Amino acid sequence: MPDEISAEDAQNTDKQAENEGQATEGAALTFHVVTLFPEMIELYCRTSIIGRGIKAGRLAVKSYSPRDFALDKYRKVDDTPYGGGAGMVLKPEPMFACVESIKRPPQSPVLLMTPQGRPFDQSLAAQLSAETDITFICGHYEGFDDRIRSLATMEVSLGDYVLTGGELPALTIIDAVGRLIPGVLGKMVSLAHESFNDGLLEGPQYTKPAEFRGMVVPEVLRSGDHQAVDRWRRERALEETFRNRPDLLEKAPLSKTDKEFLAKLKKQL
Ligand SMILES: C[S@@+](CC[C@H](N)C(=O)[O-])C[C@H]1O[C@@H](n2cnc3c(N)ncnc32)[C@H](O)[C@@H]1O
C-alpha cells in the first residue's frame, strides 16, 4: 500500500495557505515516489506550497517503498556489485515489483533520478506540468542495478554533483512542477515574472520600507507609472541574465528594444 499524504496531513505552517486551502475538485496531478525513505518525501510535502496544493485537492503525493516488495525475510533491497568495488547497489527485483504495483496511466512518465540523466530545467518542469501522473524512482547507496533503467521513460539529473539519494532531486521536481498547476499558487500571475519563465533571470524585487540602512528602493518602482515599471523590470532581467547567465540569452526570445539595450550594456563594460 502506498503512503499517501492526505489533505488533512498537509498541515500547512503557511498562514496564507491555511486561509486559502479549500478542496474544490480532484487532484490535477499525482506524484508517485518510489523511495527507501518515504518519510523524507512526506515531511517536505506537508509544508508550504506543495502542502497547500494537496490541501486544496490539486496535487496528490504517494510514496512506495521497494522494501515492502523485498523477497527475503530481512527485506533486503541492495547487494554488493558484480565485479567488486565499494558500496551497495539497489537490487532489481524489489524495485521492479514496487514500480509495477503503482496504479497509474500506462503512458505516464517514469523519471529515474540519476546524475547521468538529462539536466532538469524550467522547460522540462513546464512539460511535466501537463501530465496527470508522474512516477519518480529514487536511487540510494552506490546507485542501482542497471536493469532498473528499463523501468524509466526518462532519466533526469538535478545537476553536475552527486547527492546521497534521489529524494532531494524528486522533491525538487515535485516542487518546480507542482507550483505550475493552476490553483496551487495563490495567484497564477505570480509566475509571470519568475526566473526562466521568459528565458531570463528575474530582476531585483523590493518591499517596504522605501529606505533601509541607506539602501533606497529605486524611484521608478514607487512612481506608479506601470509602463516605466515594466520597462525597468525587463531591463533589470536582461542585465541580471547578461551578467550571471549569458548562455540563456542565446535562446531567450528578445525584442529589437531588448537587443539594443544589451548592445548598450556591452559597450559600458
Ligand atoms: C550516491 S548516488 C550514486 C551515484 C553513482 N554512484 C554515480 O556516480 O553516478 C545515489 C543516488 O542518488 C541519486 N542522485 C545523486 N545525485 C543525483 C543528481 N545529481 N541528480 C539526480 N539524482 C541523483 C541517484 O538516484 C543515485 O542513484
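How far apart do the C-alpha centres of domain 1 and domain 2 lie? They lie 35 Å apart. The model discussed here is predicted. Its protein chain is divided into domain 1, which covers residues 3-188, and domain 2, which covers residues 192-268.

**The chain as a whole**

- The protein chain contains nine helices and ten strands.
- The C-alpha trace spans about 70 × 45 × 40 Å along its principal axes.
- The chain has 269 residues, of which 26% count as buried.
- Among contacts between residues at least 6 apart in sequence, 78% join residues that are at least 24 apart.

- Six strands form an open sheet in the order 1-3-2-7-6-8, and their pairing is mixed.
- The edges of this sheet are strand 1 and strand 8 (residues 154-157), each of which pairs on one side only.
- Strand 2 (residues 29-34) and strand 7 run parallel and are joined by five bridges.
- Within this pair of strands, Phe31 stands opposite Ile134 of strand 7, and Val33 has Phe136 as its bridge partner.
- Strand 6 (residues 110-119) also runs parallel to strand 7, and three bridges join these two strands.
- Here the bridge partner of Leu112 is Ile137 of strand 7.
- Strand 7 (residues 133-137) is largely enclosed by the rest of the structure, because four of its five residues are buried.

**The nonpolar core**

- The largest nonpolar core has 38 residues, and those with the most contacts inside it are Val61 and Phe136.
- Helix 6 (residues 167-178) supplies the largest share of this core, namely five residues.
- Phe136 is in contact with Phe31, Val33, Val34, Leu111, Met113, Gly166 and Ala170, when its neighbours within four places in sequence are left aside.

- In helix 2 (residues 38-45), the buried residues are Pro38, Ile41, Tyr44 and Cys45.
- The face of helix 2 turned away from its buried side carries the exposed residues Glu39 and Leu43.
- Helix 2 lies across strand 1, strand 2 and strand 3, and runs at about 165 degrees to strand 3.
- The cover over the buried residues of helix 2 includes strand 1 (residues 3-4), strand 2, helix 3, strand 3 (residues 59-64) and helix 6.

**Helix 3**

- Helix 3 (residues 48-55) is mostly covered, with six of its eight residues buried.
- The buried residues of helix 3 are Ile50, Gly51, Arg52, Gly53, Ile54 and Lys55.
- After helix 3 comes Gly57, which has a positive phi near 80 degrees.

- Most residues other than glycine have a negative phi, and most peptide bonds are trans.
- Tyr141 has a positive phi, near 55 degrees, although this residue is not glycine.
- Tyr141 is in the loop between strand 7 and strand 8, and it counts as partly exposed because it has 15 C-beta neighbours inside 10 Å.
- Phe196 is also a residue other than glycine with a positive phi, in this case near 75 degrees.
- Phe196 is in the loop between helix 6 and strand 9, and with 18 C-beta neighbours inside 10 Å it counts as partly exposed.
- The peptide bond from Lys208 to Pro209 is cis, and its omega is near 10 degrees.
- Pro209 belongs to the loop between helix 6 and strand 9 (residues 211-212).

Note on methods
Residues are numbered from 1 along each chain as its sequence is written. This is a predicted model: local features need pLDDT of at least 70, side-chain atom pairs count only at pLDDT 80 or more; totals for chains, interfaces and linings use all residues. A nonpolar core is a set of buried Ala, Val, Leu, Ile, Met, Phe, Trp, Tyr and Cys residues joined through C-beta atoms within 7 Å. A residue is buried if 20 or more other C-beta atoms lie within 10 Å of its own, exposed if 12 or fewer, and partly exposed in between; C-beta atoms are placed from the backbone. Two residues are in contact if their C-beta atoms, placed from the backbone, lie within 7 Å. Two strands pair if DSSP finds at least two bridges between them. Domain bounds come from an automatic or database domain assignment. Axes are lines fitted to C-alpha atoms, for helices over the stretch in contact, and angles run from 0 to 180 degrees between N-to-C directions.
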